[in-house]
Amino acid sequence: MSRVSFLLWLAVMASALYLVRTQYESRSLTTEIDRATSEARRLEIENDRLDVERRAQATPLRVEKLAREQLHMRTITPAITQYATVSGAAAPASAEVHP
Amino acid sequence: MSSRSVQYTSSPLLASKTPIWRSQFIVAVIAAGFLGLVARAAYVQVIDNAFFKRQGTVRFVRTLDLPANRGRILDRNGNILASSVPVPSIWANPEDIERDPAKLKALAKLLGMTGPELDKKLQDEDKIFVWLKRQVDESIAKDIDALKIKGVYSRKEYKRIYPEGESVAHVVGFTNVENLGQEGVELTFNKDLGGKAGSRRVIKDRFGHVVEDIGEMVPPLDGQDLQLSIDSKVQYFAYEKIKETVIANKAAAGSVVVLDVKTGEVLALVNYPSYSPGKRGNLSGAQLRNRALTDTFEPGSTMKPLVVGLALEKGLVKPETMIQTAPGYLQMGTAKITDSHAHGMLSVNEVIQKSSNVGTVKIAMQMQPHDMWEIFTQVGLGQKPQVPFPGAVTGRLRAYKTWRPIEQATMSYGYGLSASLFQLAQAYTVFAHDGEMVPVSLVKTNQDATGARVFSSHNAAAIRNMLHMVTIQGGTAPKAQTMGYSVGGKTGTAHKVEGKGYASKKYRGFFVGIAPIDNPRIVVAVMVDEPSNGVYFGGDVAAPVFSQTVQQTLRMMGVQPDMAVKPQVVTQVEKESF
């Protein structure tokens, strides 16, 4: 009888120690997951920020300024545009006129 | 004497009999101790359990807020008009701040404050939290960090960024530091954009790591993105043009509204002066006002096509019917209605083309006030525009029963009632959308709109033809012409109302038009407030903005020119009446 008790006691101890270990592991994994989640969020926010940054670099204001000043481009007009239709029909309003 | 002689069994100490009460006493004391423990345990576990549980929780359970992202505002092509990014905000704990004068001075400088200003914020030592400055630049936050002042901290907060700046300021609006919409669609759609913050309860270890979740997490509900009907390119272009015009004409302000006729979407809605939503340091009311929606004025000659349209609809006139406008004025009781100069016999077409008040009044006086009132109401005058916008006004259109004959006459050429530029633009969709009044939308729909019929398709085309005549030689607004596209529209010039009467030298010039005229795609309305550089007629100040805006907008929409391209020279400008 006492041997059975001893074995049970051993089993309880082993189980208790295992529980402690599992708890510890679960907690460190939770920490890990938490860190990963906040990293994901940080990257998401960073992505948003860069999106805005990219847009700020491509606003019509800036594009027009650069096109005019650095690339010496000018606004197109119908007079210097060749219109093509998808169906292959002849494009009616086209002109090689210079404004 | 040997030690053996000692008789342990007969120690005198043992000889005396121990009194029984002593052992009983010990047992009692120990029992009392245990009882005390049991009582305490019962107290902790049962009676005041809640208190102790709470105390335990306070020591290791934390509730984390999970902030929701505010939705972005996009234009019709998905370009960002407003988005939230995290920026540092600086706060301090006055209770235990390190009061080193040199460091505080450096801090004040970085925060852009004076020393006394900073001292004032920090003087109350009972407080443990005070904002020093919210939403500072990343670089400033780093410099402050480098000062290493104890008791000064930074935390991340969301800030709204508006990459397009001034041109869309009035449409988009802005939020306050608490991320709540204050103006524009930021205010109207605040609920949808805002989202809902979530939370989770966790156990933290002493390093501050989350080690366990407790209970259910409430996930944050991110705000929805909002896609507007605005095209940022059209918007930008219109803004630049109205800005140039306002400056060149030394005007007080100007507005442009561009509507897509097929879908009823607002492609552009701009006002100048404007402001930069990111830097709202010293804003004036003049900058903030979304004039296209909040400022009303007497629509003047732009009402004439509506009256003529009604006359066509009722069969009172035909476009070719001749009307005598000589001698250039009309006496009605004590009032005298005049044209800018006498025209003689004019067809109905020409009445619109030359903007004759006398001709219009002669047509209008054949109608019932009720019919005129109904047409004005059907096109949205005197009613709040159905756009989700704070501060949109209704304008003024009095009940027809109160109209005196002279008032009916003046209303036929646009005096005695008022409307906003937006309302005018919407009213002109009646001509552009084949006689139907189109419901407008500030949110992208991409669906063809169906409107309420006001005029027959045939009569709408007839009016469009008259509007086209306004912009060709002999009309009041040849400057509205644009290369490649046929246009039509109506000028208006109004004395500004000041106090109880009209200001003698203050005007408002405007132009509402349609393009291309045979197969309309857009309605553009332009208003210039108080032009004071010599010219003030709508045909002179507003029509050129219309012309350029139409040109760019149709090109961006990929609309093929409907006119042969040739250099067009304007020879003569007719003076309009107002």
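Biologist: What makes strand 20 (residues 501-515) and strand 21 (residues 522-529) of chain B a pair?

Modeller: Eight bridges join strand 20 of chain B to strand 21 of chain B, and the two run antiparallel. Two strands pair if DSSP finds at least two bridges between them, so these strands qualify. Phe510(B) has Met527(B) as its bridge partner. Phe511(B) stands opposite Val526(B). A hairpin of six residues links the two strands.

This is a predicted model: local features need pLDDT of at least 70, side-chain atom pairs count only at pLDDT 80 or more, and totals for chains, interfaces and linings use all residues. Residues are numbered from 1 along each chain as its sequence is written, while chains are lettered from A and ligands numbered from 1 in the order in which they are written.

Biologist: How do you know that strand 19 and strand 20 of chain B pair?

Modeller: Ten bridges connect them, in the antiparallel sense. Val497(B) stands opposite Tyr502(B) of strand 20. Their hairpin has two residues between the strands, and Gly499(B) takes a positive phi near 60° there.

Biologist: Why is the sheet 10-9-21-20-19 of chain B called open?

Modeller: Strand 10 (266-272) and strand 19 (488-498) of chain B stand at the edges. Each has a single partner strand, so one side of each is left without a neighbour in the sheet. The five strands pair antiparallel. Neighbouring strands are turned by 10° on average, direction ignored. Axes here are lines fitted to C-alpha atoms, for helices over the stretch in contact, and angles run from 0 to 180 degrees between N-to-C directions.

Biologist: What lies across strand 19 and strand 20 of chain B?

Modeller: Helix 20 (residues 457-470) of chain B does, at about 70° to strand 19. Helices (H or I, at least four residues) and strands (E, at least two) are DSSP runs, numbered from the N terminus. Helix 20 of chain B has 14 residues, so it passes the helix cut-off.

Biologist: How many residues of chain B are in contact with chain A?

Modeller: 22 residues of chain B are in contact with 21 of chain A. Contact means C-beta atoms, placed from the backbone, within 7 Å.

Notes
Two residues are in contact if their C-beta atoms, placed from the backbone, lie within 7 Å. The expected span of a helix is 1.5 Å times one less than its number of residues.
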